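Subject: Structure for your review

Dear colleague,

Please find the structure below, handed over for your review. My findings follow it.

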Amino acid sequence: MFLRGNQQLNAYAVSGQFDTLRGWLHPQAIYFLKRRKQQEQQYMFEQTFKNIDDVLWKEAGCTTELDYTEQSSWMLFLKYLDDLEQERTMEAELVGKTYAFIIDEPHRWSAWAAPKKEDGTFDHDKAVTGDDLIDYVNRELFPYLQGFKQRAAGPDTIEYKIGEIFGEIKNKFQSGYSLRDALELMDGLRFRSQKEKHELSHLYEAKIKNMGNAGRNGGEYYTPRSLIRAMIQVTKPKLGERIYDGAVGSAGFLCEAYDYLRNGWAGGNKKPAKLTTSQLKILQTKTFYGKEKKSLAYVIAIMNLILHGIDTPNIIHTNTLTENLADIQDKDRFDVVLANPPFGGKERKEVQQNFPIKTGETAFLFLQHFIKMLKAGGRGAVVIKNTFLSNSDNAAKALRKELLESCNLHTVLDCPRGTFLGAGVKTVVLFFQKGAPTREVWYYQLDPGRSLGKTNPLNDDDFKGFVEKQASFAESEQSWSVNMGDVDADSFDLSPKNPNTPEEAPLREPEDIIAEMVALDAESAKVLEGIRKVL
């Protein structure tokens with residue numbers, strides 16, 4: 001990026017001070033410079049992540065995409081925390097105050113990960129490396145960070161989150177030289193602006209997606225973002241409402257809901273909503289809530305929300321299903337539930353005792369939990385295996401009955417096979433509102449018109465027809481409605497049976513097919529005989 005003939009203007013452009021250029025350059029020129037700056041920054045971030053992955057690939061302690069994401073996450077978190085503390089220090093100095101650091105000086109990023117000389121360049125003489133670095137990280141740094149959980153004032157503080165993260169994650173670097181390389185690369189990332197966080201959030205999401213694609217249980221970490229966005233557009237969360245995911249995974253639902261409310265993409269508007277300071281505080285601190293059982297997913301969820309703009313996420317590291325439904329009070333309930341609980345998990349007998357409908361099926365227990373956690377009038381959108389709609393076991397029938405009687409199950413989205421890579425199951429999305437029984441269910445059979453795979457996943461365009469038709473529950477070849485009076489009162493079978501699918505030609509009897517084959521053979525023999533005579 002270079003502006004000929006004026007060093008000062010060039011300095012403004014390079015440093016990103018585009019507002020200063022307004023009186024000097026045409027708006028289109030400024031727009032072009034902004035785009036160039038963003039592209040350069042994005043390329044730098046992408047290259048840094050790629051280089052870190054290259055270092056991890058050579059590291060003996062890291063063998064899978066899960067390891068790459070885990071190790072990147074703890075370094076990324078500490079770099080973010082250092083940038084946050086530096087930013088808060090400058091803000092305090094501007095108003096004549098002194099900032100109290102969270103991290104003690106010997107353990108700050110600038111002391112051990114990226115020591116600098118007075119001119120701001122990297123100080124290789126002070127940088128610990130090799131076995132000494134591994135020894136410091138394992139024996140001093142991690143135990144110090146783990147201790148924050150006990151020292152924190154409460155679970156909603158960043159200190160508590162630090163203790164939780166480093167109580168669950170382990171350093172898997174065995175070579176201090178590899179770790180030193182990764183730290184120097186990570187130090188090149190910046191979290192000083194929301195734009196920088198936004199760029200990093202996209203790259204982090206890509207890592208989560210790769211991690212999900214790498215294993216058989218891909219849906220455990222990654223729900224397709226186009227599906228999440230469609231669920232949010234139908235559920236329509238509002239500012240001031242509390243949004244909950246009790247199987248938070250990598251926090252994809254909460255991150256997309258934050259983008260929906262913060263950036264106003266509900267009506268196709270890509271510009272950030274103009275929120276007051278109090279509204280922004282509510283969005284940051286009193287809107288998004290989640291629970292996660294698995295350690296790695298918990299760490300990823302925290303980091304993902306931070307990168308999306310939520311500094312102290314309300315995510316609790318716990319097994320959601322150990323909470324007794326009888327103990328849930330009105331103050332514990334939420335306005336919106338968005339979730340994709342684990343497929344095919346099994347829970348122990350003691351966990352099942354927390355639920356009125358006893359079953360070992362994890363997803364069925366989660367659905368009971370979500371119904372209970374909604375306020376009266378609250379809205380839910382939950383992904384579940386399509387067999388839930390038709391299973392004939394007592395638990396499945398009882399749960400369908402409970403859902404239909406306590407909630408208005410107004411929409412069922414029937415997703416195509418391949419929606420979740422590696423999951424090997426077909427899924428549906430249940431959209432419901434608590435407080436009134438179901439009178440009629442509207443179904444939509446999603447058909448993208450192609451086979452889905454790693455290189456050809458669902459996209460936002462695939463859901464446009466669903467979102468548009470759902471607004472008025474319109475009928476089409478892909479959508480139809482079922483009155484509850486037509487549903488079997490014993491089985492409560494809700495299987496999607498599309499009455500509007502064009503009728504296929506009836507299958508012919510085997511005798512007819514054989515007779516036609518014999519006739520064709522005889523005709524072919526006559527043609528060949530004619531050819532022989534000519535020859």
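Two strands are taken to pair if DSSP finds at least two bridges between them. Helices (H or I, at least four residues) and strands (E, at least two) are DSSP runs, numbered from the N terminus. With these terms, Ile243 stands opposite Phe288 in S2.

This is a predicted model, in which local features need pLDDT of at least 70 and side-chain atom pairs count only at pLDDT 80 or more, while totals for chains, interfaces and linings use all residues. Residues are numbered from 1 along each chain as its sequence is written, and side-chain values use heavy atoms, with hydrogens and water left out.

The chain as a whole

The secondary structure comes to 19 helices and nine strands. Of the 535 residues in the chain, 48% are buried (under 20% relative accessible area, with a 1.4 Å probe and protein chains only).

Strand S2 and its neighbours

Strand S2 (residues 288–292) is joined to strand S1 (residues 243–245) by three bridges, and the two run parallel. Four bridges join S2 to strand S3 (residues 314–317), again in parallel; here Gly290 stands opposite Ile315. Five of the five residues of S2 are buried, so the strand is largely enclosed by the rest of the structure. In a regular strand the side chains alternate between the two faces of the sheet. In S2, Phe288, Gly290 and Glu292 point one way, and Tyr289 and Lys291 the other way.

S2, helix H14 (residues 295–308) and S3 make a right-handed β-α-β unit: with the strands pointing away from the viewer, the path from the first strand over the helix to the second runs clockwise.

Helices H5 and H8

The axes of H5 (residues 130–146) and H8 (residues 176–186) come within 7 Å and cross at roughly 75 degrees. Axes are lines fitted to C-alpha atoms, for helices over the stretch in contact, and angles run from 0 to 180 degrees between N-to-C directions. The two helices are therefore roughly perpendicular (65 to 115 degrees). Gly130, Leu133, Ile134 and Val137 of H5 make the contact with Gly176, Tyr177, Leu179, Arg180 and Leu183 of H8 (heavy atoms within 4.5 Å).

Helix H11

Nine of the eleven residues of H11 (residues 225–235) are buried, so this helix is also largely enclosed by the rest of the structure. Among them are Arg225, Leu227, Met231 and Thr235. Lys236 follows H11 and has a positive phi, near 55 degrees.

With kind regards

Methods. Parallel < 35°, antiparallel > 145°, perpendicular 65-115°, else oblique. Buried < 20%, exposed > 50% of the residue type's maximum accessible area, 1.4 Å probe, protein only.
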